[in-house]
Amino acid sequence: MKKILKYMSFHAAKKNNIISNTCFSQEELNNAKNIILELQRKTALQIENGYGPFLAAIYDDKNNLIASMPNTVVNDCNCLHHAEINTINAAQKELNSYDLSKFNLSIYITAEPCIMCAGAIMWSGIKKVFYGVSSKDVEEITGFDEGYKPEWMQQFKKRNILVCGNIEEEIGKNVLRNYVKSGKTIYKPERLA
Ligand SMILES: [Zn+2]
C-alpha cells in the first residue's frame, strides 16, 4: 500500500487531482478533457433515454472516432455490457480485428474501468486510457461494486498501456449523483454476509 501511495503522489498534480502512470503532454490532456466533457454531456442525455450512467469512446492517434457505446447492462439484461466492453466490441468489429494494438488507439471513459473492463482493455491492445471519475467515487456515490484491482495502473504501465484519470471528475460525479437521485437501477449481485 505504501508503495502505491508513493507512486500515485509522484504523478498526482496537486492543482487538479489528475493521476497518471506516465507524463502526458498538455495538448493530449486538453484533448482528453474536451472528449471526456463531451462524453459526460452525452451520458446525462443517455440516462434520460434509459441507458446506464457510463459512456466510452475509442479514438485513433489522428483523433478519428472509431466507436462509442454506452453502458447497456439493464437494457440488454447482460451484466457484461459495460460501456468499455460495448465500445471495444464495436471497435473490433469496425476494424475487423481482435487485436487493436496495431491501430494505436486510446479509450476515453466517463469513469475508471472496473475489474472486468480493466481486464478487457488489457487484452484488447488499446494503448492509452483516459477516464473521469475514480472507482472510489463511483462506489461512494452510486453503490456500484467496481471490484478489486490493486496497482492496476502500475500493471498497465508494465505493459506499456498509459493511463490518466480524474479528468473533469466533478462534472462526472454530478452526472452520477443525478443518476442516483432519479431512482435508476443500481445493479449488483447480492453477497453473502
Ligand atoms: Zn466495467
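1. In this predicted model, Ile-107 stands opposite Val-129 of strand β5. The two strands concerned, β4 and β5, pair in the parallel sense over five bridges. Val-129 also stands opposite Val-163 in β6, and three bridges join β5 (residues 128–133) to β6 (residues 162–165), again in a parallel arrangement.

2. These strands belong to an open sheet of six, ordered β1-β6-β5-β4-β2-β3 and with mixed pairing. The edges are taken by β1 (19–20) and β3 (65–70), each of which has a single partner strand, so one side of each is left without a neighbour in the sheet.

3. Strand β5 deserves a separate remark. Six of its six residues are buried, so β5 is largely enclosed by the rest of the structure.

4. The partners of β2 are β3 and β4. Five bridges join β2 to β3, and the two run antiparallel; here Ala-56 stands opposite Met-69 of β3. Four bridges join β2 to β4, also antiparallel, and in this pairing Ala-56 stands opposite Ile-109 of β4. The hairpin of β2 and β3 has five residues between the strands, and in this hairpin Asn-63 takes a positive phi near 65°.

5. Two helices are to be noted against the sheet. Helix α2 (residues 26–48) lies across β2 (55–59), β3, β4 (106–111), β5 and β6, and runs at about 50° to β4. Helix α4 (residues 83–95) also packs on the sheet, where it touches β2, β3 and β4; the direction of α4 makes about 145° with that of β3.

6. On the α4 side the contact involves Glu-84, Ile-85 and Ile-88, which meet Cys-117, Ala-120, Ile-121 and Ser-124 of α5. By class, the residues of this contact between α4 and α5 divide into five nonpolar, one polar and one charged.

7. Asp-137, Val-138, Ile-141 and Thr-142 in α6 meet Glu-169, Lys-173, Leu-176, Arg-177, Tyr-179 and Val-180 in α8. The residues of the contact of α6 with α8 comprise five nonpolar, one polar and four charged.

8. Finally, Phe-156 is placed in helix α7 (residues 152–158). Is this residue, Phe-156, buried or exposed? Phe-156 has 21 C-beta neighbours inside 10 Å, and the cut-off for a buried residue is 20 or more, so Phe-156 counts as buried. Leaving aside neighbours within four places in sequence, Phe-156 is in contact with Asn-21, Met-122, Ile-161 and Val-163. Phe-156 and Lys-127 are 29 residues apart in sequence, and their C-alpha atoms are 9.4 Å apart in space.

Methods
Residues numbered from 1 in each chain as written. Predicted model: local features only at pLDDT ≥ 70, side-chain atom pairs only at ≥ 80, totals over all residues. Contact = placed C-beta atoms within 7 Å. Nonpolar A, V, L, I, M, F, W, Y, C, P; charged D, E, K, R; others polar. Buried ≥ 20, exposed ≤ 12 C-beta atoms within 10 Å, placed from the backbone. Pairing = 2+ DSSP bridges. Axes fitted to C-alpha atoms, helices over the stretch in contact; angles between N-to-C directions.
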